[in-house]
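Thank you for sending the model for comment. The notes below are set out as numbered points, to be read beside the sequence and the structure.

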Amino acid sequence: MSDIAKMAGVSTSAVSLALNGRDGVSPETRRRIAEIAASLGWYPNAAARALTGRRVNAIGVVLTRPPQYLGREPFFMSFLAGLQAGLTGVDGSVLMHITTSVEEEVATYRRWSAEKRVDGLVLLDLQVNDDRPRIVTELDLPAVVVGSPQHAGGLPAVWTDDDSAIRAAVTYLASQGHSRLARITDHSRMAHTSIRTRAFLSACHDLDLPTPAVVEIDPSNGGTQEAIEAVLRRPNRPTGLLFDVDLMAIAALNVARSLGLAVPADLSIITYDDSLLCEATQPAITALNHDVHAYGAHAARMLLNVLDGEPQPDELDALPQLIVRESSGARGTPTP
């Protein structure tokens with residue numbers, strides 16, 4: 001600061017005001033001080049700023065998923081990129097940590113709070129009756145939940161309308177002549193999984209369809225194709241499959257071929273969370289699409305509002321739209 005003050009011809013207190021964005025210096029002086037600081041390669045020390053109670057310009061995200069599974073899952077990479085894009089205007093960054101258990105996740109939050117490593121958190125993958133919103137509130141860590149407000153524990157939430165999206169998919173399959181449906185999903189403890197399953201069962205009931213199947217798979221342990229094959233070998237096998245994950249839907253294409261089933265003539269396939277993978281398969285996979293990158297940016301903007309002390313209501317991000325591709329259609333439709 002002394003070097004900058006000498007080069008700018010001002011006091012060290014003026015340098016402090018300018019570099020910390022406080023009033024008391026003219027715009028021209030602030031600009032000159034910033035240029036000199038940049039020419040010297042000076043950047044604020046995040047640890048020192050934390051000691052004074054100021055922001056460290058970082059938000060934290062903990063992903064409690066198997067690392068090898070995350071590497072294959074397009075959703076999280078796009079969402080994290082959106083989070084970072086949402087911080088561009090404040091020169092902020094995302095601190096990401098991967099754990100394999102909720103206990104490790106909570107321990108990370110406690111450590112970050114004690115070390116003042118982040119200004120706030122984005123909470124993902126909430127479970128039914130989840131304690132994490134209560135814990136981060138007790139730690140006095142500002143946070144935004146990505147998921148339904150009913151599971152957010154009073155924290156501001158940004159979410160997609162999973163209920164309406166699943167109902168639209170079921171209605172479409174029924175309109176194509178499919179009455180025997182199955183929903184294949186993972187992570188049954190997840191709040192969004194619970195919401196989607198309830199919507200699936202309710203939509204089938206409202207349309208007077210036979211009782212559908214709900215099958216849970218843990219893709220991190222392998223055996224996805226075997227589980228899908230078991231579903232398709234059942235008596236009165238389903239003719240319409242609805243997946244939560246695009247990778248499972250791709251696996252279903254391979255299983256269908258191995259069993260001699262034509263898609264969509266014998267079997268229609270739909271997945272949640274559209275991705276480039278869905279467009280690259282043959283046939284391309286029908287999917288519930290929403291802009292995941294924009295979803296992440298939305299969460300970042302909400303958290304910045306919370307950090308600025310603004311009242312932040314819950315906000316609906318989007319209603320995923322059904323994008324019909326070649327993997328679904330009326331029963332008997334020839335494969336493209």
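1. Asp-162, Asp-163, Ile-166, Arg-167 and Val-170 in helix α9 are in contact, meaning heavy atoms within 4.5 Å, with His-192, Ile-195, Arg-196, Ala-199, Phe-200, Ser-202, Ala-203, Cys-204 and Asp-206 in helix α10. The residues of this contact divide into seven nonpolar, two polar and five charged, where Ala, Val, Leu, Ile, Met, Phe, Trp, Tyr, Cys and Pro count as nonpolar, Asp, Glu, Lys and Arg as charged, and the others, Gly among them, as polar.

2. The model is a predicted one, in which local features need pLDDT of at least 70 and side-chain atom pairs count only at pLDDT 80 or more, whereas totals for chains, interfaces and linings use all residues. Residues are numbered from 1 along each chain as its sequence is written, and side-chain values use heavy atoms, with hydrogens and water left out.

3. As for the geometry of this helix pair, α9 (residues 162-175) and α10 (residues 191-206) pack at an angle of about 40°, and their axes are 8 Å apart. The two helices are therefore oblique to each other, the class left once angles under 35 degrees are called roughly parallel, over 145 roughly antiparallel and 65 to 115 roughly perpendicular. The crossing of α9 and α10 is right-handed. Helices here are DSSP runs of H or I with at least four residues, and strands are runs of E with at least two, numbered from the N terminus.

4. An open sheet contains six strands in the order β2-β1-β3-β4-β5-β11, with parallel pairing, two strands being paired if DSSP finds at least two bridges between them. At the edges stand β2 (93-99) and β11 (315-318), each with a single partner strand, so one side of each lacks a neighbour in the sheet. From one strand to the next the twist averages 20°. Within this order, β4 (residues 143-146) and β5 (residues 157-160) run parallel and are joined by two bridges, and Val-145 stands opposite Ala-157 in β5.

5. A further set of parallel pairings involves β6 (residues 181-185), which pairs with β7 over four bridges and with β8 also over four bridges. Ala-182 has Ala-213 in β7 as its bridge partner, while Leu-181 has Gly-240 in β8. Four bridges likewise join β8 to β9 in parallel, and there the partner of Gly-240 is Ser-268.

6. Two cis peptide bonds deserve a look. One joins Val-263 and Pro-264, with omega about 10°, and Pro-264 is in the loop between α12 (246-258) and β9 (268-272). The other runs from Gln-282 to Pro-283 with omega near 0°, placing Pro-283 in the loop between α13 (276-280) and β10 (286-289).

7. Positive phi values may be checked as well. Asn-129, not a glycine, has a phi of about 55°; this residue is in the loop between β3 (120-123) and α8 (132-138) and is exposed, with a relative accessible area of 73%. Asp-273, also not a glycine, has a positive phi of about 60°; Asp-273 lies in the loop between β9 and α13 and is buried, at 14% relative accessible area.

How values were computed. Axes are lines fitted to C-alpha atoms, for helices over the stretch in contact, and angles run from 0 to 180 degrees between N-to-C directions. A crossing is left-handed if the near helix is turned anticlockwise from the far one by less than a right angle, and right-handed if clockwise. Buried means under 20% relative accessible area, exposed over 50%, partly exposed in between (1.4 Å probe, protein chains only).
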